[in-house]
Amino acid sequence: MSEQTGSQETVTLTIDDVEVTVPKGTRVLDAAQRAGVVVPFYCYHPGIPTRPAQCRVCLVSVEGQGKLQPSCVLDAQQDMVVHTATDEARLARKSVIEFLLVNHPLDCPICDAAGQCMLQDYAFETGQLESRVEEPKLVMGRDRIADDVLYFADRCIICTRCVRFMREVAQDDALIVAQRGHRAYIDTFPGTELDNPFHGNIVDVCPVGALVHEDFLFKARFWDMDSASSICPGCSNGCNVSVASKENQVVRLKPRHNAEVNSYWMCDHGRGQLVMANRGIRAEVPLLRDEDGELRPADWKDALERVASDLSNLEDGGRAVVSPHACNESLHQLRRLLERLGFRGGEFRVEQGGEATLAGFPKLKLRADRAPNATGAELFGFERVESLSAPGPGEALVVLGERLDDDPTLPDADFGEGAGYVLYLGTRLTEAARRADAILPITSVAEMQGTFTNWEGRVQRFDQVLREAGIARPAWMVLSRLVGLLGGEEPTRLEASDAFDAMAAATPGMEAMSWSSLGLKGVSLARPVDVAGGAT
Amino acid sequence: MSEGLHPSVAGAQPYMREEHQGSGTTDEPLFESDEGRERLEKIRSRYPSATPALLPLLNYAQEKNGWVSARAMQEIAGALDLTPAYVYSVATFYTMYNKRPVGRYLIQVCTNIACHLNRGEEVLERFLEETGTRPGETSENGLFTVIEVECLGACGFATVVQINEDYVENVTPEKVPDIVDALWARAEGRDV
Amino acid sequence: MAFPYRHDLETTTLLSQYMGEEEARHLDTWLERGGYEGLRKALSMEPEEIVQVVKDSGLRGRGGAGFPTGMKWSFMPGADDDRPHYLCCNADESEPGAFKDREVLRWTPHLLIEGCLIAARAIRARHAYIYIRGEFFPVLPILNRAVSDAYREGYLGEDIMGSGWSCDLTVHVGAGAYIAGEETGLMASLEGRRAEPRVKPPFPAQAGVFGQPTTVNNVETLAAVPMILTNGAEWYRQWGTEKSPGTKLWCCSGHLNRPGNYELALGVPLKDILFDVCGGIPEGRAVRAVIPGGSSTAYLTPDELDCETTYEGLKEAGSSLGTASPIVMDESTCLLGATRRIAQFYAHESCGQCVQCREGTEWIAEILTRIEHGDGRMEDIDTLYDLCEQLTGRTICVLADSVVFPLKSSLDKFRDEYEAHILRDTCTAT
């Protein structure tokens, strides 16, 4: 008997001897997931609305029904008894793999998908590692389907996830199946390529190595990569990502699922982020200007003591210039430092760019603010400006992360001239940075832990995936030390979680948060966010 | 012509017209003339939405031009508010749409089971010989394209050959030369 | 030119009575032959009454599946459903061996129109689509003229025959896809998509073409409806058997002296049809194998031809009536080649959605080709049997199951042919 629980009717069924109760209208595949039973699938994808039931890999036995049923579309019924691992179901699954291997080339040694390929996975799981086919395989070749995406037609299993992602999620019906039968392949209109700000997701949904990113081609084997959960720094949407690195270089970003932020997707602009994170010339050691006016390396102890001393001797006041790429903890610590110094506050500017919305999941938007923490910067009292104000005569400047050298309203690299003292915390030695009195090297997003606050006030953690460049340290750690040297009470060791918890305790809207409570999905600020940069 | 056509059959006009194949192949716009617009409206009126009009319009493109070009696909896509990619996907699913121009006489030889039992493959071979072509290729003079097709639905009268819109039944290999000669004669305006 | 032959052996000319007469095509002369009288009667009946008559007649779908027509109609929602309902006439006739619907279309198009209208009224549809295969160009002018004339004279459109009931009809022409003859494939094609069959449920009667309740019927089925309305269910049951009443348009092809169409009451023994009605095999050769119901049915051996040509009779004989399209193969036939050609057909027509069908049908065709050319191994027979199993009951539609019928029966009944090719590189054909 199906029951009314609250506002929704439910059904109870048994899957592999496990009883599970689900809302009416749930499909057996989803019910199985709830019951902890794993049923393989290709054409189904939780983020794509349609379920064509055409891969035939999710077939299960249902008592009372003669034929095997595709569980992805079968409605769970009251008292239904489902078996996913009968001999018949297993055989059917195995045979699907064999059929796929009829023409699928054994490209594993040269295929980027190896190690994270659903065909490999199910081949091993079912034990179907080869096919009996003696006939030559159909060869279909390779096609450039988008500027940066290649399609290896031979590997394609025609699950149509890519086609349906474009049609239903991106809502840009530009990718289709051409021809029919075993000659079918994926294509765009002849003479065109995919040109959509979200098309990179088709590579993610491809279960095999048929669709690959060209800039990742042959770069890294799946098992050679390290990865960490992070937040895309490309704009203020705050898409959850997984950053993969090999030999301490970022090789790619892939989206992580977050139902409140980006679903299963991310935009193409974001995929290009962080790849240059630790390349080029980095600030790797503290630099202090000596009596001759030259910048000389120093160790952290000397550098921090000297900077603290210089700061405490300032007479003409000062202010800060921050970057909206700085994390919440760093901005919080900077605020504490400014208060201790009696400085009058700070500014930040945000690079702008064109917007693009993922029509099928409109919360995912490539936003105009091309930085991950503009909201955080405002939260901690910094003022958003179009162009930075020049310092007053003799006024000190504390610069956190801002490169300074690309402000079009200011003469090249002149920013900071006329300032009484410039303290620069940054990742790169730009021209303007080299005019500072002291340079303290900080870590990039990929080299540290911290949190960002996205466009709508969601606070999300990001984790470290690369080693620090040189002896750079997270800005929040450096600033906390300075505060301590200027007379504040500071712990001798500071973890990211400690920095966060301390910040949360002192920041309106974050009081109920803790580093652990943020988990992998983040938590919204307790108060509404009023952001100048466009909270739509 | 579209005027006088009852809307119920506006989308059901034959579309393998001899005059638009071979050297008569064109790629004229479909909906810039009054006739084309009228045909579009009549067809469109028979369905509750735009997409169902797609096959009738692809048929119309081939009726007017002898083939379905990429340009025609884009034009049809525009008329129905579909993407060209979608139209292309549908057009390549069905075998009768010529994605390239064909010869004046598209000779379609069935070799399915009943015709196979009645020397259908030999008939096909003979047509290829007599026209001097290879399967699917158009002869130099633009007159003949010979292809192998599946069951045409006249199995009792094997071997069945369809030449453009006409069914030629009970074809034996021996009859092929005369059939091809007759096509030559027609092309040259002679009587046979 | 072809039209059903008249023959003494229990022929009945219910459907084919006027086939061959030019005047049957034209509305005025068709009316003289009693045209649209069935519709006239139906217009005075409620939909449920019409459904009951057809149910009582026992008429079964003539497109190959043999599903009781009245029952199919009764699956449609009733009067309290205000969604648009649709009737689709399946004139996509592409089953190898079948060539009967063409005769109805080109000789008695008004009979078909009438059948469509009666069916539409029975299922509360206001629009009927005739989906006709693209290759049937010769038929189109005849059909189109009939439809246009019917509209002009008030047999289609508003206020049909002054009854107050209205119904439209549209002719929709395909473009070369056997799978568009599958019920859901047809609906997909009608909707302007690739003719890819859909998962059922939902069934067409709940959500069919354009997402609305739909019934799809074969041409020959609809053509039988007017006379059932005019003469009654009991009358129709004079022919055929209890479970398989009525007459059937037979399509006989292959090695026969008189191939072609014959209308016969259901139940005539198959061998009588082939050897009497069709005059047996040319030059007195012996029969080797017969596929009785179109290419999707199992082979019968020479000693299995005694069967009664009913749905139940052919099933008992290990095959099926299908579209009543026997393909006769004499002793000179290489059965491997025949089966290979049939497999190639299915491979060519697979829509490509389901992995088993997309890859399996082509694989089967390639194995058979290889064996045919002398490169086979005994293991191939095991593989083929296995493929038969993997292609049965696993896919969205039954195209994959369809290739299994001829393939498996060829392995079961003509194994010697396979072995001859594999082991001795010869053929057992003579």
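1. The largest nonpolar core has 370 residues, and those with the most contacts inside it are C:Cys88, C:Cys89 and C:Cys116. Such a core is a set of buried Ala, Val, Leu, Ile, Met, Phe, Trp, Tyr and Cys residues joined through C-beta atoms within 7 Å, where buried requires 20 or more other C-beta atoms within 10 Å of the residue's own, placed from the backbone. Helix α6 (residues 109–122) of chain C gives the most to this core, with nine residues; helices are DSSP runs of H or I with at least four residues, strands runs of E with at least two, numbered from the N terminus.

2. This is a predicted model, in which local features need pLDDT of at least 70 and side-chain atom pairs count only at pLDDT 80 or more, while totals for chains, interfaces and linings use all residues. Residues are numbered from 1 along each chain as its sequence is written, and chains are lettered from A and ligands numbered from 1 in the order in which they are written.

3. Chain B comes to seven helices and four strands, which follow one another along the sequence as α-α-α-α-β-α-α-β-β-β-α. Its radius of gyration, taken over C-alpha atoms, is 18 Å, close to the 16 Å that the globule rule (2.2 Å times the number of residues to the power 0.38) gives for 192 residues, so chain B is as compact as a globular protein of that length. Of the 192 residues of chain B, 57% count as buried.

4. The domain assignment, automatic or from a database, gives chain B domain 1 (7–93) and domain 2 (105–187), with 27 Å between their centres, taken over C-alpha atoms.

How values were computed: A residue is buried if 20 or more other C-beta atoms lie within 10 Å of its own, exposed if 12 or fewer, and partly exposed in between; C-beta atoms are placed from the backbone.
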